[in-house]
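Please read this briefing with the structure open beside it. It begins with the way contacts are counted and then goes through the structure topic by topic.

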Amino acid sequence: MSEAVPALSPEQMRSLLQTMYRIRAFEEKVDELFMRGEVHGTTHLSIGEEATAAGALQALRPDDYITSTHRGHGHCISKGADLKLMMAELLGKETGYCRGRGGSMHIADVASGNLGANGVVGGGIPIATGVGLSIKMQGLDRVCLCFFGDGAANEGTFHESLNLASIWDLPVIFLCENNQYGMSMAVRKAMRCETIAQRAVAYGIPGERVDGNDVFAVYEAVSRAAARARSGQGPTLIEAVTYRYKGHSKSDQNRYRTRDEIRAWQERDPIKRLTAYLREHSLMTQEEIEREEAAAYQAIEEAYQFALASPEPDPDSLLEGVYA
Amino acid sequence: MSGPSSLPTTVAAGTPQQAEAAQSQVQEMTYAEAIREALREEMRRDPRVFLMGEDIGIYGGAFGVTYGLIDEFGEERVRDTPISEAALAGCAIGAALTGMRPVAEFQFSDFMAIGMDQIVNQGAKLRFMFGGKAQVPVVFRAPLGSGTGAAAQHSQSLEAWFAHVPGLKVVLPSTPADVKGLLLSAIRDPNPVIFLEHKLLYRYKGPVPRGEWTIPIGQAEVKRPGKDLTIIALSIMVPRALAVAARLAEEGIEAEVVDPRTLRPLDEETLIASARKTGRVLIVHEAVLTGGFGGEIAARIASSEAFYYLDAPILRLGGAETPIPYNRTLERRATPQEEDIYQAARRLLQRRPL
Ligand SMILES: Cc1ncc(C[n+]2csc(CCOP(=O)(O)OP(=O)(O)O)c2C)c(N)n1
Ligand SMILES: [Mg+2]
């Protein structure tokens with residue numbers, strides 16, 4: 001973990017732990033539901049990447065915006081989503097955030113500033129840029145945090161959007177979750193640059209690389225970028241280096257990496273690192289930590305029960321929501 | 001403009017004084033000027049409205065449509081973008097999703113292909129995917145069509161692509177009055193609207209009502225009434241069809257010219273009613289015939305009760321199955337010209353009643 005004492009209160013740290021446990025418990029439940037065939041379609045789990053989502057959102061205010069990705073459950077939970085409505089969405093229920101129309105890949109809660117996961121790699125980056133423009137033109141004291149993957153950093157939208165946000169000084173934080181792979185394509189094969197952060201130079205904006213499994217480091221980097229954005233100095237590119245333990249999606253056979261590699265990253269597990277810190281600094285006892293963990297699994301179970309008991313959408317409502 | 005105009009009835013009706021007052025509020029202007037007037041009026045009325053696009057500021061846009069707007073509204077609201085169509089489309093969508101009313105201009109509608117993911121997979125679907133809990137009030141304006149020698153990558157008519165996508169509205173105005181009235185409606189519409197302007201129409205002149213003047217999206221218009229055959233024409237084909245109708249009139253044939261104006265949603269009632277009335281239907285558009293929107297219109301008519309009133313098979317006239325060529329002669333050959341429409345109408349009239 002970062003050596004410097006983070007500018008977070010003990011309550012905020014506990015809240016970070018709660019969020020990270022919730023993400024993990026949610027993802028494990030989704031994994032299980034997929035195996036059992038209770039959820040259909042596809043899903044992308046973010047187990048191992050919890051610190052990036054939780055740390056980033058801790059640095060923002062409730063009225064700030066985010067755009068998310070196909071691997072977006074963690075972003076959604078960190079933004080404060082209601083687990084019940086999330087789970088209902090994954091089960092395709094009418095009570096879900098998107099009335100069952102979106103599912104895992106399109107989950108959104110526009111009212112709370114979550115402008116949606118995205119099924120198109122790099123698809124959210126121009127949208128986040130437009131949100132930044134909207135904020136700026138309306139003179140609002142908000143920022144837009146744009147999540148995207150290392151793979152998305154090779155889409156044209158990445159380049160076009162960073163340039164646009166830069167020349168217009170838009171309050172956007174471009175947060176690349178570099179989990180080492182775009183599906184099976186290793187970052188080192190997908191680009192010649194050493195880091196994704198260094199691409200910021202090309203757009204004349206700051207670029208920063210942080211340990212994405214260190215929740216405090218992510219929090220601090222995003223806090224700095226948010227302060228910059230709020231003071232009218234424009235966008236920042238942050239590269240959070242992390243790792244996903246599970247396959248890319250449910251069909252992944254893990255042929256492109258080794259067990260040893262996965263194990264090595266599990267040694268640097270973001271939740272383990274946070275709990276170790278909390279214990280070492282006597283901020284939480286082992287017992288309190290375990291209680292937090294159990295509460296998260298309990299909350300997910302309740303969310304699942306809510307989703308199970310929820311009604312399916314009425315087939316006659318098929319055409320609703322196409323037009324305003 | 002011939003035939004019944006789209007002008008408010010006050011122009012024709014009422015006391016002479018009223019008529020005079022209304023008349024003074026109507027001004028002759030070009031299609032391009034009518035667009036500019038709509039943009040200006042809406043930007044004055046609604047501070048959320050802003051423009052973005054390539055070279056739309058000082059330069060005034062590739063076709064001069066936004067010329068001068070930057071002087072009144074400044075570069076914040078008349079926003080030049082880099083050559084980044086995906087970002088242009090996505091940025092407009094993001095701004096619309098969060099409270100603004102962007103009008104994004106593509107320099108040529110062909111380049112919408114670069115922004116297609118944002119338009120089709122994002123803008124058109126966000127509201128639906130979000131369970132109806134979002135709005136994307138954005139307008140994508142773009143010039144379409146051939147006739148300027150701009151060749152294959154700057155001349156296409158791709159309206160059918162967009163009309164195929166639920167979540168989008170697709171508008172192709174054919175007169176200065178229509179372009180103003182429909183653009184005001186498009187900007188105020190809470191949905192993404194694809195607004196396609198034919199390059200050759202920009203210089204067409206016609207009377208345009210000043211001030212508040214809207215035409216509902218999804219309303220076709222009979223541009224000229226007739227009883228012998230119906231010509232359903234899109235965009236630039238409307239003035240061509242009207243010219244043909246005038247020529248046919250000299251020969252004692254009364255052609256009815258109908259302009260759908262909006263493809264999605266389509267006002268099929270008006271089209272079906274006309275087909276039923278005349279019993280003969282010719283559909284004309286510049287877009288390539290295969291997969292062109294005329295097929296959809298023909299199908300709607302053929303599967304309606306108008307079928308029983310048809311005296312001849314529905315005839316479609318569209319662009320040749322080729323990219324638009326550079327050569328002037330070939331370019332003209334590639335799309336329906338007045339003479340082609342006239343000949344097609346004649347052929348349709350010759351067919352024996354069933
Ligand atoms: C435009 C596009 N191309 C390809 C895909 C298929 N696809 C889905 S996720 C993915 C990998 C994305 O990698 P990255 O951006 O690093 O995100 P990660 O999955 O690692 O979180 C691919 C290739 C897609 N959804 N969209
Ligand atoms: Mg990745």
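Two residues are in contact if their C-beta atoms, placed from the backbone, lie within 7 Å of each other. By that criterion, among the contacts of chain A with a separation of 6 or more, 76% are between residues 24 or more positions apart. This is a predicted model, in which local features need pLDDT of at least 70 and side-chain atom pairs count only at pLDDT 80 or more, whereas totals for chains, interfaces and linings use all residues. Residues are numbered from 1 along each chain as its sequence is written, and chains are lettered from A and ligands numbered from 1 in the order in which they are written.

**Chain A as a whole**

- The secondary structure of chain A comes to 12 helices and seven strands, where helices (H or I, at least four residues) and strands (E, at least two) are DSSP runs numbered from the N terminus.
- Chain A is as compact as a globular protein of its length, because its radius of gyration of 19 Å is close to the 20 Å that the globule rule gives for 324 residues; the radius is taken over C-alpha atoms, and the rule is 2.2 Å times the number of residues to the power 0.38.
- Taken along the principal axes, the box that the C-alpha atoms of chain A fill is roughly 55 × 50 × 40 Å.
- Of the 324 residues in chain A, 57% are buried, a residue being buried if 20 or more other C-beta atoms lie within 10 Å of its own, exposed if 12 or fewer do, and partly exposed in between, with C-beta atoms placed from the backbone.

**Where chains A and B meet**

- The contact between the chains takes 35 residues from chain A and 36 residues from chain B.
- On the side of chain A that touches chain B, the elements that give two or more residues are helix 5 (124–138) and helix 6 (156–167) of chain A, and helix 5 of chain A gives the most, with 10 residues.
- That side of chain A divides into 18 nonpolar, 13 polar and four charged residues, where Ala, Val, Leu, Ile, Met, Phe, Trp, Tyr, Cys and Pro count as nonpolar, Asp, Glu, Lys and Arg as charged, and the others, Gly among them, as polar.

**Around ligand 1**

- There are 15 residues around ligand 1, of which A:Arg71, A:Val121, A:Gly149, A:Gly151 and A:Gly182 come nearest; a residue is near a molecule if its C-beta atom, placed from the backbone, lies within 6 Å of it.
- The shell around ligand 1 consists of five nonpolar, eight polar and two charged residues.

**Two loop residues of chain A**

- A:Gly100 is placed in the loop between helix 4 (83–90) and helix 5 of chain A, and it counts as buried because it has 21 C-beta neighbours inside 10 Å.
- Apart from its neighbours within four places in sequence, A:Gly100 is in contact with A:Glu89, A:Gly92, A:Lys93, A:Glu94 and A:Pro313.
- A:Gln180, in the loop between strand 3 (172–178) and strand 4 (181–182) of chain A, has a positive phi of about 80° although it is not a glycine.
- A:Gln180 counts as partly exposed, because it has 16 C-beta neighbours inside 10 Å.

**Backbone features in chain B**

- B:Arg261 lies in the loop between strand 11 (255–259) and strand 12 of chain B, and it has a positive phi of about 65° although it is not a glycine.
- With 29 C-beta neighbours inside 10 Å, B:Arg261 counts as buried.
- The peptide bond from B:Arg264 to B:Pro265 is cis, with omega near 0°, and B:Pro265 lies in the loop between strand 12 (262–264) and helix 10 (268–278) of chain B.

**Helix 3 of chain B**

- In helix 3 (residues 69–77) of chain B, the buried residues are B:Leu69, B:Ile70 and B:Phe73.
- These buried residues line one face of helix 3 of chain B, because they fall within an arc of 125° when seen down its axis; the arc is that of the directions from the helix axis to the C-beta atoms.
- Exposed on the other side of helix 3 of chain B are B:Asp71, B:Gly74, B:Glu75 and B:Glu76.
- The cover over the buried residues of helix 3 of chain B includes helix 2 (31–45), strand 2 (49–53) and strand 3 (78–80) of chain B.
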